[in-house]
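Student: Could you take me through a structure that is new to me? I would like to ask about it piece by piece.

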Amino acid sequence: MSDLLKYDLLGASEAIKSKEISSVELTNAYIEAIEKTSSLGAYLEIVKDKALEMAKVSDENISKGVSRPLEGLPIGVKDMFCTKDIKTTASSKILDNFYPTYESTVTQNLWNDGAVMLGKLSCDEFAMGSSNETAAKGNVINPWLKHKKMSPGGSSGGSAAAVAARSALAATGTDTGGSIRQPAAFCGITGLKPTYGRCSRWGIVAFSSSLDQAGPLTRTVSDAALMLNSMASYDKKDSTSANLDMPDLMSYLGNSIKGKKIGIPKEYTQDGISDDIVNFYQKSINWLKEAGAEIIPVSLPHTKYALPVYYIIAPAEASSNLARYDGVRFGQRKEASSLDDMYETTRGEGFGDEVKRRIMIGTYVLSSGYYDAYYLKAQKVRRLIKEDFENVFKKVDYILTPSTPTTSFELGKKQDPLTMYLNDIFTVPASLAGLPGISLPIGLDKLGLPIGIQLIANAFDEPGLISTAHVLEKSADFNFIADGAAK
Amino acid sequence: MSNKKSIVDIPTVNKIARLSRLDIPEKNKQSLTNDLNNILGFVANLEEVDTSNVEPLASVTGHKLPLRSDIVTDGNMEDLVLKNAPESSSGFFVVPKVIE
C-alpha cells in the first residue's frame, strides 16, 4: 500500500493512464493515509464514499480510453471553497451548519478535469491567520518534527500539512497575504499563488476581495503546473476574473533560464531573519547563477510599508465581506429578542477573536473621520508598492526572496497578534501588487525544519515562474519526507 | 514595532463594536482595546510616506469591470436559497419581530 503514496501528482497521473495502478487503489491508499495521520488534524471533513465513487468513474474512463488531465487523482480542498452539499465552514463556528447549494468554480474545474475529492481541509478561521491556530476546531500539527507540535503555518495550514503528510496527493489553497506560500514553506512543499484574476473567486468564501486568490499546494513544481492548469479559468461569474488564456504550464518545465535576470531586493534581508534562511537564500542565488541566470541587486523601497497597508486594506474588505454573517440567510443564529441583539450575539459568539479583531480594525479604518487617514492612505501607498515592482520588472525577469523570515514555530508560542502578522512580511508585497509567487522547499534548518524560497514574477508570467522554479527545484534536490508523514 | 500611544479607548471600542454588530463581553474589552491600539499604532507609520500626488489603488488588474445586460439569468431556486436559513417560513427568511 505504502508504495502508492510515493507517487507525486504527475507520477500518479502517468501510472493511472498506463493502467499500472487504478484510481480506486490510489484513493483507498489515501483514505487509509488520512486515518493514519488523523492526529495531525488536517481534515475537517472526509468524503470517503464520494471519493471512491469519483475514483470508480475515473477507472471506467481509463478503461474506455478517456483520460482527463487530472483523471483519478485524489486531492484535498481547503475549507474556504464552497463544495456542493458538503459542509463548508471556513473553519468558523458561525458556518458550522453550512451546506453550500453550489460548487466553487475552481473546484468544479478540478472535478471536470477528473480529480477525486478526499475531503475538506482545516485553515485559519476565514483564512485570517498565519499558524492555523485561529481555526474553530483546533490546531493542525505540522508533520515535520511531529512530536514537537509545530505550526503548519497558515492560513492554508491543513492543506500544507496534508500534502506534507501524504494524506492528500495535492490540495487547493487560498492566498490573501501569504496563505499558500507561508504554510508551503513551513511544511516543506510547493505552494503557488497565481496572478490576481487567474483563478475565479466565485464560490470561495470571501475574505479580502482585492487580494484573495486560489492556488495549488503540491509536492513538486511540476505538480503545481499540472494542477494550476486545471484551476485557472476565465469566469464571467467573477467580475475580476482575467480574460486571458493560461498557456499549458506543463510545456514550460525543463526550459533553460540562461540569460534570465533575477532581482535580489535589498529590503528583504532584514534583521530577525534566521541564519539558516540567509544561508539557503545565498545558496539559491548561486544555483540560479550556475544555471546561467544573471543576478541583479534591486530595490523595492516601499517594502516596509507593505504590512501596514495590508493590515488596513484586508481588514477593511473583511469587515465588509463578513457583514453577510447575520444569522438570517445561512450559518449559526443565536436567538435574541430584537433584530440588532440577534445580529450582535450571533456574530459575537460565532466569530473567533482574530476575526473579531480584524472586523473591528476594518470598521474603524472605514468609519467617518478616519477613512482618509487610514483606508485612502493605504490605497495610495499600495500604488507605490505596485509601482516599485513595475520599476524593478523593467530591469529583471524574476525576483528571488526568502518565503518567510523564520521556519515553523511551536503551536501556542506566538500569542501577540502583531508578532504573528510579521510572518507574512515577505509574501504580502507581491499580494498587494497582484503578482504571482511560488514558494518551494530548498533545505532544512538546524532543527530539521523545512526552509522555503520565493520567486515572484511579473503579472501573468506563471509560465516563466514555473520554468525558473523548476530549475531551482532541481538544484535544491529537496527529497526529505516529514517524519509525521503516512508510511 | 508597536506604538504605545493610545489611539482608541473603551468608549470608542464600544462604538466600533456596535457599528460592527459584534457583542464583546465586558471582560474582553481592555485586551481588545490594547490589541487594536497595537495594530493601529503599527499601521500608523504610513503617515511618513509622501502620497501627495498619488492616486489610490483599488484594483491591481487595471481592467474595467465587465457589464452584462440587465436580464434575469436564473431563478426558481427558492428552496436552494432558503436551504441554509436558520429559520424560514412560506418562502421568507424569518427574523425577530422588528415592528411592535
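This is a predicted model: local features need pLDDT of at least 70, side-chain atom pairs count only at pLDDT 80 or more; totals for chains, interfaces and linings use all residues.

Student: How many of the residues of H11(A) are buried?

Tutor: Ten of the 14 residues of H11(A) are buried, and the helix is mostly covered. The buried ones include Val355(A), Ile359(A), Met360(A) and Tyr364(A).

Student: Now the chain B side. Which residues of H1(B) are buried?

Tutor: In H1(B), which covers residues 10–19, the buried residues are Val13(B), Ile16(B) and Ala17(B). Viewed down the helix axis, the buried residues lie within an arc of 100°, so they line one face of H1(B).

Student: Why would residues spaced like that point the same way?

Tutor: An α-helix has 3.6 residues a turn, so residues three or four places apart point the same way.

Student: What do the buried residues of H1(B) pack against?

Tutor: They pack against H11 (353–366) of chain A together with H2 (29–43) of chain B.

Student: How many residues does each chain bring to the contact?

Tutor: Chain A brings 53 residues and chain B brings 39. On the chain B side, H1 and H2 each supply at least two residues. H2(B) gives the most to that side, with six residues. By class, the side of chain B that touches chain A has 26 nonpolar, eight polar and five charged residues.

Student: Changing topic: how many residues does the largest nonpolar core have?

Tutor: The largest nonpolar core has 161 residues, and those with the most contacts inside it are Ile75(A), Ala161(A), Ala164(A), Val309(A) and Ile312(A). Helix H9 (residues 306–321) of chain A provides the largest share of this core, ten residues.

Student: What is Ile312(A) in contact with?

Tutor: Leaving aside neighbours within four places in sequence, Ile312(A) is in contact with Val365(A), Tyr374(A), Tyr375(A), Ala378(A) and Val43(B).

Student: Let us turn to a strand. Why is E4(A) described as largely enclosed?

Tutor: Five of the five residues of E4(A), residues 171–175, are buried, so the strand is largely enclosed by the rest of the structure. Ala171(A), Gly173(A) and Asp175(A) are buried on one side, and Thr172(A) and Thr174(A) are buried on the other.

Student: Which strand is joined to E4(A) by bridges?

Tutor: Five bridges join E4(A) to E6 (residues 213–218) of chain A, and the two run antiparallel. Gly173(A) has Gly215(A) as its bridge partner in E6(A).

Student: What is found in the loop between E2 and H4 of chain A?

Tutor: Asp85(A) is one of the residues there. Its phi is near 60°, a positive value in a residue other than glycine. Asp85(A) is partly exposed, with 13 other C-beta atoms within 10 Å. Leu95(A) is found in that loop too, and Leu95(A) is buried, with 24 other C-beta atoms within 10 Å.

Student: What does Leu95(A) touch?

Tutor: Not counting residues up to four places away in sequence, Leu95(A) touches Thr88(A), Thr89(A), Ala90(A) and Gly331(A).

Student: Lastly, which residues does a cis peptide bond join?

Tutor: A cis peptide bond joins Gly154(A) and Ser155(A), with omega about 10°. Ser155(A) is in the loop between E3 (116–121) and H5 (157–164) of chain A.

Key. Residues are numbered from 1 along each chain as its sequence is written. Chains are lettered from A and ligands numbered from 1 in the order in which they are written. A residue is buried if 20 or more other C-beta atoms lie within 10 Å of its own, exposed if 12 or fewer, and partly exposed in between; C-beta atoms are placed from the backbone. Helices (H or I, at least four residues) and strands (E, at least two) are DSSP runs, numbered from the N terminus. Two strands pair if DSSP finds at least two bridges between them. The arc is that of the directions from the helix axis to the C-beta atoms. Two residues are in contact if their C-beta atoms, placed from the backbone, lie within 7 Å. A nonpolar core is a set of buried Ala, Val, Leu, Ile, Met, Phe, Trp, Tyr and Cys residues joined through C-beta atoms within 7 Å. Ala, Val, Leu, Ile, Met, Phe, Trp, Tyr, Cys and Pro count as nonpolar, Asp, Glu, Lys and Arg as charged, and the others, Gly among them, as polar.
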